[in-house]
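Here is a briefing on one protein model. Keep the 3D view open while you read.

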Amino acid sequence: MKVNIGVSARHVHVTKEDLKILFGEEAVLTKKVDLSQPGQYACNEQVTIKGPKGQIERVRILGPERGEMQVEISKTDSFALGIKPPVRNSGDLDGAAEITVIGPKGKVTKNAAIIASRHLHINTEDAKKLGIINKEFVTLKVEGEKPGTLENVYVRVNDAFAYEVHLDTDDANAFLIKNGDEAELIIE
C-alpha cells in the first residue's frame with residue numbers, strides 16, 4: 001500500500017506561557033499555512049534556537065499551542081547546536097536536550113529538544129482496514145534514485161489523522177525524498 005511522505009523540517013511547538021515570554025503578553029500564533037494533518041499549521045512566528053556551540057535562526061513555530069514546549073531538530077542540526085537530543089516520539093520529552101528558544105521579546109531555556117521518530121499518521125478507520133494498531137512499528141520501502149527501506153516507523157492512530165508518513169530532513173536527504181513523494185507501506 002502506498003503512503004504519502006511529508007518531510008518535517010526543524011520546528012518548535014510552544015505553550016501559551018512560552019509564547020507570551022517570546023513574543024509579548026498579547027501574542028497569539030498567526031497561521032501562515034495549513035499542514036497536512038487536520039488542525040495543524042505553520043505559523044508566521046519564527047524564533048532562534050541556541051545551544052552551547054551555535055544557533056539556528058528563523059525556525060518556524062507550528063500551531064496550535066501545546067501543553068509543553070518541544071523543539072524538533074535533525075541530528076545534523078544537533079551538531080551545529082552542540083547538543084545531544086534523543087530520538088523520541090512527539091510528546092515524549094524524557095531525556096530531551098536543553099535548548100534556548102529566543103524570540104523578539106524574551107527567551108526560554110528548557111529540556112525540550114528531540115529528534116522526532118519517523119512515524120505514520122493514520123486514522124482509526126484506515127488502521128482497522130489495514131490491520132495496524134496504535135504504537136506498533138511498520139516498514140517503508142522507498143523507490144527512486146536512492147532506494148531502500150526505513151524500519152521502525154512508529155504508528156500513530158487517531159480519528160483526526162490524515163494518512164501520511166513523517167520523516168525528518170536527515171532521513172529524507174539520505175533517500176533523496178521530497179515532500180509529496182510516496183513509499184510502499186510494509187506491514188509484517
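Two strands count as paired if DSSP finds at least two bridges between them. The model is predicted. Strand 1 and strand 14 (residues 182-186) pair in the antiparallel sense, over three bridges. Within that pairing, K2 has E184 of strand 14 as its bridge partner. The points below cover the barrel, the pocket and the nonpolar core.

**Barrel**

- Six strands close into a barrel, and their order is 1-13-10-12-11-14.
- The pairing in this barrel is mixed.
- From one strand to the next, the twist averages 40°.
- Strands of a sheet pair through backbone hydrogen bonds, in either a parallel or an antiparallel sense.
- Strand 1 (residues 2-8) and strand 13 (residues 164-168) run parallel and are joined by four bridges.
- G6 has H166 of strand 13 as its bridge partner.
- S8 stands opposite D168, also in strand 13.
- On the antiparallel side, strand 1 meets strand 14.

**Largest pocket**

- The volume of the largest pocket is about 820 Å³.
- Its lining has 37 residues.
- Which of these residues are the closest to the pocket centre? They are S8, H11, L35, L62 and H166.
- S8 also faces D168 across the strand pairing, and H166 is also the bridge partner of G6.
- Five strands each supply at least two lining residues: strand 1, strand 2 (11-13), strand 5 (55-63), strand 10 (119-122) and strand 13.
- By class, the lining divides into 16 polar, twelve nonpolar and nine charged residues.

**Largest nonpolar core**

- The largest nonpolar core holds 24 residues.
- I49 and V71 have the most contacts inside this core.
- The elements that give two or more residues to the core are helix 1 (16-23), strand 4 (41-50), strand 5, strand 8 (97-102) and strand 9 (107-116).
- Strand 4 gives the most, with four residues.

- Strand 4 and strand 8 run antiparallel, joined by three bridges.
- K50 has T100 of strand 8 as its bridge partner.
- Strand 8 and strand 9 also run antiparallel, with six bridges between them.
- How many residues lie between strand 8 and strand 9 in their hairpin? There are four.
- I102 has K107 of strand 9 as its bridge partner.

Methods:
Residues numbered from 1 in each chain as written. Predicted model: local features only at pLDDT ≥ 70, side-chain atom pairs only at ≥ 80, totals over all residues. Heavy atoms only, no water. Axes fitted to C-alpha atoms, helices over the stretch in contact; angles between N-to-C directions. 1 Å grid on protein atoms, 1.4 Å probe; cavity = no way out; pocket = protein on both sides within 12 Å on 5 of 7 lines; lining within 4 Å. Points joined across faces, edges and corners; volume = space filled by probe spheres on them. Nonpolar A, V, L, I, M, F, W, Y, C, P; charged D, E, K, R; others polar. Core = buried A, V, L, I, M, F, W, Y, C linked by side-chain atoms within 4.5 Å. Buried < 20%, exposed > 50% of the residue type's maximum accessible area, 1.4 Å probe, protein only.
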